[in-house]
Amino acid sequence: GFGGGGAAGRAGGGGSGNFVGSIKSFNEEKGWGFVTSDKIQQMYGKDIYFRRTSVGMGPVPPPGTQVSFSVQHGDKGPMAVNIVAMGGGGCKGGKGGGGGGGGCGAGFGGFGGGICGGCGGW
């Protein structure tokens, strides 16, 4: 069964769909970095901030890695959440599955079965 949604359930509320972009930078010491994409630049005119906790359990992908993510509006403006490196995980076909769909690549899939149909045993 589902394991209660974990981080994807926590971070998925209020997301505005999934984007595909790349990690621009990450500061391990401070625990935050930036993602960017053409669509993000068009919509916001700048790169989007993310926190270490938006990446899930694994290491933060190195700069230049293609990722999918959702955008949430936090206290400092738009922020990337549910960041998942592309190409890994069994769910790369699930991008665009709505707010939080990208989280299933990291094994979280706390949202209804539809988003995560391609995730093996889920």
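Modeller: One term before the bridges come up: two strands count as paired if DSSP finds at least two bridges between them. With that in place, Val71 has Ala80 in β5 as its bridge partner. Keep in mind that this is a predicted model.

Colleague: How many bridges join β4 to β5, and which way do the two run?

Modeller: There are seven bridges between β4 and β5, and the strands run antiparallel.

Colleague: What holds strands together in a sheet, in general?

Modeller: Backbone hydrogen bonds pair the strands of a sheet, in either a parallel or an antiparallel way.

Colleague: Back up a bit. How many helices and strands are in the protein?

Modeller: The protein has two helices and five strands. Along the sequence the pattern reads α-β-β-α-β-β-β.

Colleague: And in what order do the five strands close into a barrel?

Modeller: The barrel order is β1-β2-β3-β5-β4, with mixed pairing. From one strand to the next, the twist averages 50°.

Colleague: Different topic. Which residues have the most contacts inside the largest nonpolar core?

Modeller: Val35, Phe50, Phe69, Ala80 and Ile83, in a core of 13 residues. At least two residues of this core come from each of β1 (18-27), β3 (48-51), β4 (66-74) and β5 (77-85). The strand that gives the most is β4, with three residues.

Colleague: What is Val35 in contact with, leaving aside neighbours within four places in sequence?

Modeller: Its partners are Ser22, Ile23, Lys24, Asp47, Ile48, Phe50, Val67, Phe69, Ala80 and Ile83. Among them, Phe50, Phe69, Ala80 and Ile83 are on the list of residues with the most contacts inside the core.

Colleague: Is Asn82 buried or exposed?

Modeller: Asn82 has a relative accessible area of 7%. The cut-off for buried is under 20%, so Asn82 is buried.

Colleague: What about the whole chain, what share of the residues is buried?

Modeller: Buried residues are 40% of the 122 in the protein. The accessible surface is about 6200 Å², and carbon and sulfur atoms have 53% of that.

Colleague: Last one. Of the contacts with a separation of 6 or more, what share is between residues 24 or more positions apart?

Modeller: That share is 56%.

Technical notes: Residues are numbered from 1 along each chain as its sequence is written. This is a predicted model: local features need pLDDT of at least 70, side-chain atom pairs count only at pLDDT 80 or more; totals for chains, interfaces and linings use all residues. Side-chain values use heavy atoms; hydrogens and water are left out. Helices (H or I, at least four residues) and strands (E, at least two) are DSSP runs, numbered from the N terminus. Buried means under 20% relative accessible area, exposed over 50%, partly exposed in between (1.4 Å probe, protein chains only). Contact means heavy atoms within 4.5 Å. Accessible areas come from the Shrake-Rupley method with a 1.4 Å probe; for residues, only the protein chains shown count as cover. A nonpolar core is a set of buried Ala, Val, Leu, Ile, Met, Phe, Trp, Tyr and Cys residues joined through side-chain atoms within 4.5 Å. Axes are lines fitted to C-alpha atoms, for helices over the stretch in contact, and angles run from 0 to 180 degrees between N-to-C directions.
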